[in-house]
Amino acid sequence: MKRRRKGCQGPGLERGWKENQVVRFFVMLVAVLLFAGLFQAMPVRAENRERPVVQVCGNTVGIYMETDGVMVIDVSQIPTSDGLYADPSRNIIRAGDYICAVNGTALTGKRQLTEIVAGCGGEALELLIRRDGQEIPVSVQPALSSDGTYKIGVWVRDNIQGIGTLTYVEEDGSFGALGHAISDVDTGEILNLKDGELYLTEILSVVKGQKGVPGELQGVIHYEQGNRLGSITANSGLGIHGTVDASVMGELDLQSVEVAWKEEVTAGPAQILASVDGTVCAYDAEITKIDDNAEDTNKNFTIRVTDDSLLEKTGGIVQGMSGSPILQNGRLVGAVTHVFVADASCGYGIFIENMLDP
């Protein structure tokens, strides 16, 4: 039997030496690519990153918002005095457009638009509309309707109001609410914000959610100055944002909590803070699934209400609870954004990191 000389390399050692050479080559290649800016390393959260602390809320609030321009909901025919129908805006203006100016005059609202059209004397009107972020000049010939007034055949809206939930307030008074955008109920388009305000609201009743029919919180918003909470400055797919007036902070149920990072959110027990009867309460729930790569950034995880008292009051998640804070392990992880129409006990939530950094 031949003995292998001491110090000689057998096939195994030779293979190991070649593999080490390959590893060294790959390491050098990555270093070169990083230096050249051609290779992107995966982001790693710094362990010493400062964790934000916010004032978590849960109060229902009244929301009033004015659109930037007069929004077109629909285009329709006009009955004329001769028994026929006119279509002055057909193929010129469409649902989702914003009418910003008429004959060079910037519009302040739909009442002004109605007055200008009614007093045009039948002359063509030069409109400036905003469509998909672009301003487009168009010309419309008003028609004399059967009631004796001139019209251009559009249904319009210039404001919207409703009830939602305030998620958090930061130290400087800036807030986040809803966790989703305010959209037009008819067109589904996110409304372009001109001005907006938050108000205290009073919940009068609850319509329980049922299979196929979402429930809702029904209340009244008193638009007096004394009930004003603050101003809305942004409306996006990640919620509404603005500033709460320092003088009314005491009117809200606020408590300081730390924010959880996205990767810290896990499937398991959680709590929802909500005010369905005028008092903010913590209700038991369960985060059932997490989707870090969700296309809809306000649908990052699913949550199911397990609290018997909330299920008895509302059937689970109802309209008006959007923005309700979600806590897990004592930290704020996100907010309720949507309800499952087929099962009111379940819905979607948004990561609080997404709301804090819209």
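A pocket is an open set of points, on a 1 Å grid over the protein atoms alone, where a 1.4 Å probe fits, with protein on both sides within 12 Å along at least five of seven lines; lining residues have an atom within 4 Å of a point. This is a predicted model, in which local features need pLDDT of at least 70, side-chain atom pairs count only at pLDDT 80 or more, and totals for chains, interfaces and linings use all residues. Residues are numbered from 1 along each chain as its sequence is written, and side-chain values use heavy atoms, with hydrogens and water left out.

**Second largest pocket**

- The second largest pocket is lined by 19 residues, and Thr114, Lys151, Ile152, Gly153 and Val154 lie nearest its centre.
- Two or more lining residues come from each of strand S3 (78–79), helix H2 (110–118), strand S10 (150–151) and S11; helices (H or I, at least four residues) and strands (E, at least two) are DSSP runs, numbered from the N terminus.
- H2 gives the largest share of this lining, 4 residues.
- The volume of the second largest pocket is about 410 Å³, a volume being the space filled by probe spheres set on the points, which are joined across faces, edges and corners.

**Largest pocket**

- The largest pocket has a volume of about 880 Å³.
- Its lining has 30 residues, with Ile163, His180, Gln319, Gly320 and Ser322 nearest the centre.
- Strands S11 (154–169), S14 (216–221) and S22 (331–340) each give two or more residues to the lining of the largest pocket.
- S11 supplies the largest share of that lining, 6 residues.
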